[in-house]
Amino acid sequence: MVMNRRDFLKVGAGASGSLMLSLSLPGCSGLPTGYEQETGEWRPDAWLEITRDDRIYFTLARVEMGQGTYTGLTTLIAEELEVPPEAIEPRFAPVADEYKNPLYKLQLTGGSTSLATSWEPLRTAGAEAREMLIRAAAGVWRVDAKECSASEGRVIHPNGIDSMRYGQLVELASKEILRGDVALKPAAEWKYIGKQNRRLDARAKSTGKAVYGIDVSLPDMAYAVVTRSPRYGGKVQSFNGGEVRAMPGVLEVMEIDRGVAIVADRYWRARKAQDALDVQWDFSGALGLSTPEVFETYRKAADEDAGESERSEGDIDSVLANAGKVVEAEYSQPYLAHATLEPMNATAWYRNDHMEIWAPTQAPDLGRIAAARVTDLAPDEVTINTTFLGGGFGRRLTQDYIEEAAAVAFRMDRPVKVIWSREEDTRHDLYRPAMLHRMKAGLNNGELSGWDHQIVGPQILNWYVRNAGPAQFPWTPKFLYDTLGKVGVWAEGIATPKDISAIEGAIEYPYQVANIDIRHTHIDPGVPITWWRSVGYSHNGFAVETFMDELAHEAGQDPYRFRRRLLENEPRHREVLDRAARLGGWDSPVPEGRARGIALMRSFGTYVAQVVEAGLEDGAIRVYKVAAAVDCGQVVNPAIVVDQIEGGILFGLTAALYGEITLEQGEVQQSNFHDYPLLRQYERPEVEVEIVDSTETPTGVGEPGVPPVIPALGNALFALTGKRQRTLPLKADA
């Protein structure tokens, strides 16, 4: 059975024996009132359910991958509904238009947007429900609703003594009309926003009750592994299917688009059979280049093409021609894998002409398209059940693992779980793109007179639009999916949003200088890429903030004060820079053998500055302390903000010290944590985070901790050794 939104409501209400309040979330729909002018249909965007026995369910339209949406977004509803956040049980949303991210018009979680896009809509939803319940109670008591109040899941009579539970009022409240004029609680009355520190998912995760994709278990479930081409784009030529099919426990051996899948009754048996599988590949259309060729391609492209102008102010050519000193530098960064601790997996079950999928995905609507693409099913014949995610970092925005599970399960008469090994996850990831930056700046008597930044590399939309285009128009015939994707790329910046993945973090250059020229030279070597935590800010942050350090050095000025002087018109940048400098003891003596570096970046609307204290020990780089100041607007949950900034710092340090995917004739050379390591516990530095008090609209914190720490560490190493490192990862013996 295929459930649309109305069916979902009916089934949900019937199954729970409750009445549901459907609430308008005007900010999410793109329509100011949630009312669709053409059809006259009211289309709510999120769902709050209150049962007669006082259970409260919140349908969470964003996934939970550790970043805190489960708690943070629930807190917004709870605050206005006048119940503790713990009284609400979040449930992951099904695929539906109402749950699309309004910034992307897709149902995806990414870009540190969950809180920012939900801040007002979800509070409005909670407030609307509260007012409907109050009006229902006032009708029973025959009193003025304005004299009633709500608290702890009850409506209070004007006499201050009598009260009614929310559960007693749901039937009457469901008949109330949404008026759309509800007033949100003033900040002075907040009980939970800014004060709530508990995480609602902590108990389930610490006791093993939280269900991740890897935990899904179904009756008679089989397991599948996939052998993929070692070089991207390679095709299966032949394989010994008969021999492998005869092995113990093997149920099926089949070719799919990405390679050869083995299905067995046990996971280990599938892996053992994979060892015996012998696939002959056709590499005629496969990727064949090596890492040095990638950067040779970039440099050649940069020489021949100045790139598309992304920001141009003043007359950079004239300023540089007449500058007292011109400083030039080239920076490069490698491909990076995501290395989520929960490897890629998905479980699919095809029965009764319908497919049901359980997956840790950041984009369930794209997952539905991915499944439809490789089966005979239409998108609305595919149900996606989203689970908890054991790390996302952008990797699970691409749905290749769901595509594989759907392709295999469609040919089986039982549920099938596809599991990637760590090695497969590393070698068949879609990577953070390798990038090249050419920087040039003019200095006149220590004053910055011009800034020139040429960014060289691919953009992600070209890879992502394959399923994203059809997900926006799921009624499109399948044979037009690829055409739709190509149109999406062609219409980029016109009918579809401009892809800023290559330039973000560069075009927002905050420092005060009259002459700026920022360009992007688009060149794509064909290595598969996707979003990676903090996306373009991760590589542009390194180039911009390292070059600023170089300019301070060339100008003979302190790096902190050099930046500060150029931020006179940017008070929020300057505030976090000052706080980080104080927190990191910038002006205090550095212990012997150590040095400090500083960097700053506004990403996803959040301002973060960091001071890194680092040194060299036993031939290795050692980071002792990171001090971070963050301005993310109004804070909903301070503990989650600190956790996310700390997590971003450790993620960024991993990339700075170890992150590097290399290619040899088209094959990825790394395979597991021994050659693609994560920062170990013993390497963890002391981290101190200071949050700026703010009444500004909240912004995301999942990614902004990453960008500044990489250049701040590089700048600290320069201060220590006098050697400037312009290529990542950083080396102790550079």
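Figure 1. Glu176 is placed in the loop between helix 5 (166-173) and helix 6 (202-206), where helices (H or I, at least four residues) and strands (E, at least two) are DSSP runs numbered from the N terminus. With a relative accessibility of 25%, Glu176 counts as partly exposed; buried means under 20% relative accessible area, exposed over 50%, and partly exposed in between (1.4 Å probe, protein chains only). Leaving aside residues up to four places away in sequence, Glu176 touches Met132, Arg135 and Ala136, contact being defined as heavy atoms within 4.5 Å. The C-alpha atoms of Glu176 and Glu255 are separated by 56 Å, and the two residues are 79 residues apart along the chain. This is a predicted model, in which local features need pLDDT of at least 70 and side-chain atom pairs count only at pLDDT 80 or more, whereas totals for chains, interfaces and linings use all residues. Residues are numbered from 1 along each chain as its sequence is written, and side-chain values use heavy atoms, with hydrogens and water left out.

**Figure 2. The aromatic pair of Tyr70 and Phe92.** The structure holds 19 aromatic pairs, counted where rings of Phe, Tyr and Trp (its six-membered ring) have centres within 6.5 Å, with planes under 30 degrees apart taken as stacked, over 60 as edge-to-face and the rest as tilted. Tyr70 and Phe92 form a tilted pair, at 6.1 Å centre to centre and with 50° between the planes. Because Tyr70 belongs to helix 3 (residues 69-81) and Phe92 to strand 4 (residues 88-92), the pair ties together parts that are 22 residues apart in sequence. Tyr70 is buried, with a relative accessible area of 13%, while Phe92 is partly exposed, with a relative accessible area of 22%.

**Figure 3. The aromatic pair of Tyr331 and Phe542, and the cluster that includes these residues.** Tyr331 and Phe542 form an edge-to-face pair, at 5.7 Å centre to centre and with 85° between the planes. The pair links distant parts of the chain, with Tyr331 in strand 14 (residues 325-333) and Phe542 in helix 16 (residues 535-554), 211 residues apart. Tyr331 is buried, with a relative accessible area of 0%, and Phe542 is buried, also with a relative accessible area of 0%. One aromatic cluster is formed by Tyr331, Trp451, Tyr509, Tyr511, Phe542 and Phe547.

**Figure 4. Arginine residues over aromatic faces.** Arg432 lies over the face of Trp532, at 5.4 Å from the ring centre, and Arg594 lies over the face of Tyr624, at 3.6 Å from the ring centre. A charge sits over a ring if NZ of Lys or CZ of Arg is within 6 Å of the ring centre and within 35 degrees of the ring normal.

**Figure 5. Buried and exposed residues of helix 15.** In helix 15 (residues 481-490), the residues Tyr481, Leu484, Gly485 and Gly488 are buried. These residues cover an arc of only 100° around the axis, which puts them on the same side of helix 15; the arc is that of the directions from the helix axis to the C-beta atoms. Lys486 and Trp490, on the other side of helix 15, are exposed. The buried residues of helix 15 pack against helix 11 (364-373) and helix 14 (461-472).

**Figure 6. Buried and exposed residues of helix 8.** Ala270, Arg271, Ala273 and Gln274 are the buried residues of helix 8 (residues 267-276). Seen down the axis of helix 8, the buried residues fall within an arc of 160°, so they line one face of the helix. On the other side of helix 8, Trp268 and Asp275 are exposed. Among the elements against which the buried residues of helix 8 pack are strand 8 (222-228), helix 7 (241-245) and helix 13 (422-427).

**Figure 7. Backbone details at Asp54, Glu82 and Pro729.** Asp54, in the loop between strand 2 (46-50) and strand 3 (56-60), has a phi near 70°, a positive value in a residue other than glycine, and at 28% relative accessibility Asp54 counts as partly exposed. Glu82, in the loop between helix 3 and strand 4, has a phi near 65°, likewise positive in a residue other than glycine, and at 10% relative accessibility Glu82 counts as buried. The peptide bond from Leu728 to Pro729 is cis, with omega near 0°, and Pro729 is placed in the segment after helix 20 (709-721).
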